[in-house]
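Reader: Let's take this one question by question. What should I know before I start?

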Amino acid sequence: MSGSKIHLQNLKQIFLEAVKAVRPSSLLSVKNNFNFQPTQIGEELCIKVDGKLWNIKNKRCHVVGFGKAVLGMAAVLEKALHQHLVSGILSIPKGASEQSQSQADMQLSSDTVFRVYEGAEHNQPDETALQAALEIKHLAKSLGQDDILFVLISGGGSALLPMPRRPVDLKKKMSLVLELSNRGASIKELNIVRIALSDIKGGRLALAASRAHAVVSLIISDIVGDSIELIASGPTFSKTISKHPKPKEILRRYSLWDSLDKDIQKMLKETPVFISQEIKNNHVHIIGDNRVATVAAQLQAIIFNYTPCIISTTVQGNLDNLVKQYCDILKGLYQVNANIITQAEFQKTFPFGEGHFQKLMITLKMCFTRRKPLLLIAGGEPTVKVKGSGLGGRNQELSLRLSKRFFEDPQLRNIFFLSAGTDGIDGPTDAAGALGCHNVIQDFLDQNDNDLEKLQTYLEENDSYNFYKNLNNGEYQITTGHTGTNVMDLHFLLLSDRVKSAAAADADADVEAEADAAAASAAAAAVGGGCQNASSNVRQMSLTVAQPVGHPASYDYNNTNNSNNNNNNNKKINKEKQ
């Protein structure tokens with residue numbers, strides 16, 4: 001196997017290991033301070049949620065869930081709670097059950113109490129998802145002081161929990177949100193509009209269950225910045241906020257406001273996006289996000305003898321801008337190394353903040369010692385402004401656009417790239433993403449009568465899926481099926497020729513051996529102990545990698561706490577992500 005193919009296979013494997021780390025069975029485990037197996041402690045019957053003991057004695061437990069990761073989450077709770085679980089409703093993507101049949105950790109029991117609805121094909125709301133949403137809200141309203149409601153939430157939950165607010169119907173809501181998406185609206189903007197048009201999002205599910213003993217939300221985040229109110233459009237978020245733009249502002253920005261019916265305009269102007277009531281029984285926990293996945297990728301990269309560095313977990317914005325940013329970073333690394341520009345000059349163009357830049361510079365120095373290729377790791381969710389009528393997704397399009405840039409620029413001929421969605425679904429396709437390198441374009445040009453003009457047609461038509469599917473029998477396309485989780489996209493940029501230093505040739509061999517030994521030891525410890533140990537173990541790799549952002553805290557936004565405590569939590573999270 002050629003060196004190029006080995007690198008591409010390694011990138012695929014690193015991606016799969018990262019996805020494995022954010023599967024529900026890993027996140028909702030004892031090692032992460034979750035134990036839903038009831039345990040007798042004195043006179044109480046307790047379960048553990050994020051390290052906190054909950055007494056469920058004489059309580060009826062109910063579970064509802066919506067999103068791409070909730071089937072596996074429900075399987076964990078069902079197995080542990082057993083007879084204490086009396087009812088459950090799940091809204092999951094169409095085909096998810098069939099695709100997960102070979103995965104034991106995502107199977108419900110044969111006599112399950114769950115009613116499972118499969119809808120929202122290609123992430124578009126439908127009547128099946130609407131029926132699930134109606135039943136979920138009905139259950140929430142029926143609960144009393146002897147009931148605990150567990151709410152499982154993950155990416156894709158917005159489409160799987162549609163409940164349009166009158167005078168909007170499902171068809172009108174779908175059409176408006178789809179048009180917003182096609183015009184390049186961000187996931188944040190889309191969700192604000194979805195919430196404004198919904199009778200269950202924006203805290204309204206929590207409000208429906210306000211008479212229950214407790215509402216406990218367990219969330220896998222697919223939103224940059226982990227904004228609770230935007231993940232699946234915040235059905236159990238219950239705080240008044242003013243930092244987000246109004247729906248009217250968003251719709252005007254994309255020239256859609258004036259085309260709305262007058263009664264819909266009136267409803268959007270008069271109805272608050274989020275509920276303002278304080279709900280004292282509401283507890284919200286983020287159990288995982290893309291920081292877990294990027295740390296897991298970092299550990300696997302070390303095993304493959306790469307020198308990894310996490311450069312961002314908050315990638316967003318227009319895809320065209322991101323292509324330029326990634327190319328500028330790559331060229332900047334080569335130029336700094338060749339003393340063409342200074343680090344200070346490079347930093348001016350680095351888009352991901354001073355903290356990540358300093359870590360990158362430290363990692364660059366480690367490349368000199370380890371003499372191992374540099375792997376840049378990023379996570380987030382950019383957007384594509386769809387202009388053509390082709391089939392594709394942001395990951396495949398990003399890989400194709402970068403492949404073209406790598407082909408055109410001799411300095412970038414040794415770069416290998418992966419972009420894939422951790423949910424296994426890239427746009428309305430059956431692919432998770434794709435690989436990128438100059439070989440992709442060369443192979444395309446070597447086939448049939450292909451030329452650069454035909455390549456440009458694929459790009460202009462946003463037809464990246466068919467480009468990759470038809471090239472070398474899909475060799476460069478990544479297909480996983482539904483993964484059972486979702487923490488946005490992962491991007492890997494591998495500088496396969498290493499960023500070399502003239503001084504590296506004289507590096508002490510003993511130092512290099514010590515660095516490799518430290519990396520292997522720390523990686524083995526972290527992998528063996530699970531992702532909850534990723535933060536502490538990776539930080540010990542001072543000889544090999546820069547300190548990453550670690551495993552996210554699981555935060556309890558109990559509304560009995562004052563708002564200052566929650567603000568402090570949010571500031572801490574934001575500080576970690578900068």
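Author: Helices are DSSP runs of H or I with at least four residues, strands are runs of E with at least two, and both are numbered from the N terminus. This is a predicted model, where local features need pLDDT of at least 70, side-chain atom pairs count only at pLDDT 80 or more, and totals for chains, interfaces and linings use all residues. Residues are numbered from 1 along each chain as its sequence is written, and side-chain values use heavy atoms, leaving out hydrogens and water.

Reader: Where is Pro167 found?

Author: Most peptide bonds are trans. Arg166 and Pro167, though, are joined by a cis one, with omega at about 15 degrees. As for its place, Pro167 sits in the loop between helix H6 (157-160) and H7.

Reader: How are H7 and H8 oriented relative to each other?

Author: Axes are lines fitted to C-alpha atoms, for helices over the stretch in contact, and angles run from 0 to 180 degrees between N-to-C directions. H7 (residues 170-182) packs on H8 (residues 187-196) at about 165 degrees, their axes 10 Å apart. Angles under 35 degrees count as roughly parallel, over 145 as roughly antiparallel, 65 to 115 as roughly perpendicular and the rest as oblique. So H7 and H8 are roughly antiparallel.

Reader: Which residues of H8 does H7 meet?

Author: Contact means heavy atoms within 4.5 Å. On the H7 side you'll find Lys173, Leu176, Val177, Leu180 and Ser181, and they meet Leu190, Val193 and Arg194 in H8.

Reader: Is the crossing of H13 and H16 left-handed or right-handed?

Author: H13 (residues 319-337) and H16 (residues 394-408) pack at about 45 degrees with their axes 10 Å apart, so the two are oblique. A crossing is left-handed if the near helix is turned anticlockwise from the far one by less than a right angle, and right-handed if clockwise. H13 passes H16 in a crossing that is right-handed.

Reader: How many charged residues are in the contact of H13 with H16?

Author: H13 residues including Asp320 and Lys324 meet H16 residues including Arg394, Glu397, Arg401 and Arg405. Ala, Val, Leu, Ile, Met, Phe, Trp, Tyr, Cys and Pro count as nonpolar, Asp, Glu, Lys and Arg as charged, and the others, Gly among them, as polar. The contact has nine nonpolar residues, no polar ones, and charged ones numbering six.

Reader: What is phi of Asn339 near?

Author: Asn339 lies in the loop between H13 and helix H14 (343-349). Most residues other than glycine have a negative phi. Asn339 has a positive value, near 60 degrees.
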